[in-house]
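Subject: Structure handover

Hi,

Here is the structure I said I would pass on. Have a look at it first, and then read on for what I found.

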Amino acid sequence: GWGAAKAKIAAFLTFVADVVKLGAEEAEFLFGVKDAMTRPDLLLTEFLPGASAVLVTDGPRGSAAAARVVSSSSGASSISVVTAFAKGIDVASVSSAWGGAKVVDTTGAGDAFVAGCVAALGRAAAFEA
């Protein structure tokens with residue numbers, strides 16, 4: 001069954017991963033977090049102690065993120081949370097933004113979104129709503 005595989009995946013994410021991207025369904029399946037979109041910080045504090053950031057996506061509901069922030073002056077750590085960003089982006093609005101280009105397939109859109117988030121982290125940019 002899924003028990004052994006689920007435990008291995010959760011252990012890897014818990015102890016090895018620095019930046020974790022999960023779909024809302026994956027967060028519920030792996031960690032039992034029912035609505036990770038409203039509490040991405042819970043994933044960091046309770047389940048991903050070694051991670052510096054978590055990004056949760058949920059299709060048209062958008063995304064949520066939580067990141068550990070360390071104060072440069074005191075060294076104290078806190079959690080910064082952004083919920084419901086990139087919410088409700090539909091194909092029609094993307095099409096009109098690109099001069100009426102016809103959207104044929106959205107395959108890879110999520111991958112491109114995550115790539116942009118990772119690039120922002122690489123530039124030490126904060127997630128902004």
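Let's start with the first helix. Ala-10, Leu-13 and Thr-14 are the buried residues in α1. Looking down the axis of α1, you'll find these buried residues within an arc of 100 degrees, so they line one face of the helix. Over on the other side of α1, Ala-4, Lys-8 and Phe-15 are exposed. And what covers the buried residues of α1? The cover includes β1 (19–23), α2 and α3 (40–47). The length of α1 (residues 2–15) works out too: at 1.5 Å a residue, its 14 residues should span 20 Å, and the end C-alpha atoms are 20 Å apart, which agrees.

Before going further, a word on what you're looking at. This is a predicted model. Its pLDDT averages 78 over the chain, with 79% of the residues scoring at least 70. Confidence is highest in helix α2 (residues 24–31), with a mean of 92, and lowest in helix α4 (residues 91–97), with a mean of 56.

As for the overall layout, the chain has 5 helices and 4 strands. Starting at the N terminus, they come in the order α-β-α-α-β-β-β-α-α. The chain has 129 residues, and 29% of them are buried. If you take the contacts between residues at least 6 apart in sequence, 44% join residues at least 24 apart.

In α2, the buried residues are Ala-24, Ala-27, Leu-30 and Phe-31. They fall within an arc of 140 degrees when seen down the axis of α2, so they line one face of that helix. Which elements do the buried residues of α2 pack against? They pack against α1, β1, α3 and β2. Just after α2 comes Gly-32, which has a positive phi of about 75 degrees.

In α3, Pro-40, Asp-41, Leu-43 and Leu-44 are buried. Their arc around the axis is only 160 degrees, which puts them on the same side of α3.

The side chain of Asp-41 makes a polar contact of 3.1 Å with the side chain of Arg-39. Beyond four places away in sequence, Asp-41 touches Ala-66, Ile-79 and Val-81.

Next, the core. The largest nonpolar core has 20 residues, and those touching the most other members are Leu-13, Val-20, Leu-22, Phe-31, Leu-43, Leu-48 and Val-54. Two or more residues each come from α1, β1, α2, α3, β2 (53–57) and β3 (63–70). Helix α2 gives the largest share of this core, with 4 residues.

Thr-57 sits in strand β2. At 17% relative accessibility, Thr-57 is buried. Its side chain and that of Lys-21 are joined by a polar contact of 3.0 Å. Setting aside residues up to four places away in sequence, Thr-57 touches Lys-21, Leu-22, Gly-23, Ala-24, Met-37, Gly-62, Ser-63 and Phe-113.

Val-69 is in strand β3. With a relative accessible area of 38%, Val-69 is partly exposed. Leaving out neighbours within four places in sequence, Val-69 is in contact with Ala-76, Ser-77, Ser-78 and Ser-80. Between Val-69 and Ala-53 there are 9.2 Å from C-alpha to C-alpha, and the two are 16 residues apart in sequence.

To recap the part I'd open first: the buried residues of α1 line one face of the helix, and α2 and α3 are among the elements that cover them. As you go through the rest, keep in mind that helix α4 is where confidence is lowest.

Cheers

Technical notes
Residues are numbered from 1 along each chain as its sequence is written. This is a predicted model: local features need pLDDT of at least 70, side-chain atom pairs count only at pLDDT 80 or more; totals for chains, interfaces and linings use all residues. Side-chain values use heavy atoms; hydrogens and water are left out. pLDDT is the predictor's confidence in each residue, from 0 to 100. The expected span of a helix is 1.5 Å times one less than its number of residues. Buried means under 20% relative accessible area, exposed over 50%, partly exposed in between (1.4 Å probe, protein chains only). The arc is that of the directions from the helix axis to the C-beta atoms. Contact means heavy atoms within 4.5 Å. A polar contact is a pair of N or O atoms within 3.5 Å; within protein, one must be able to donate a hydrogen and the other to accept it, and residues adjacent in sequence count only if both atoms are side-chain atoms. A nonpolar core is a set of buried Ala, Val, Leu, Ile, Met, Phe, Trp, Tyr and Cys residues joined through side-chain atoms within 4.5 Å.
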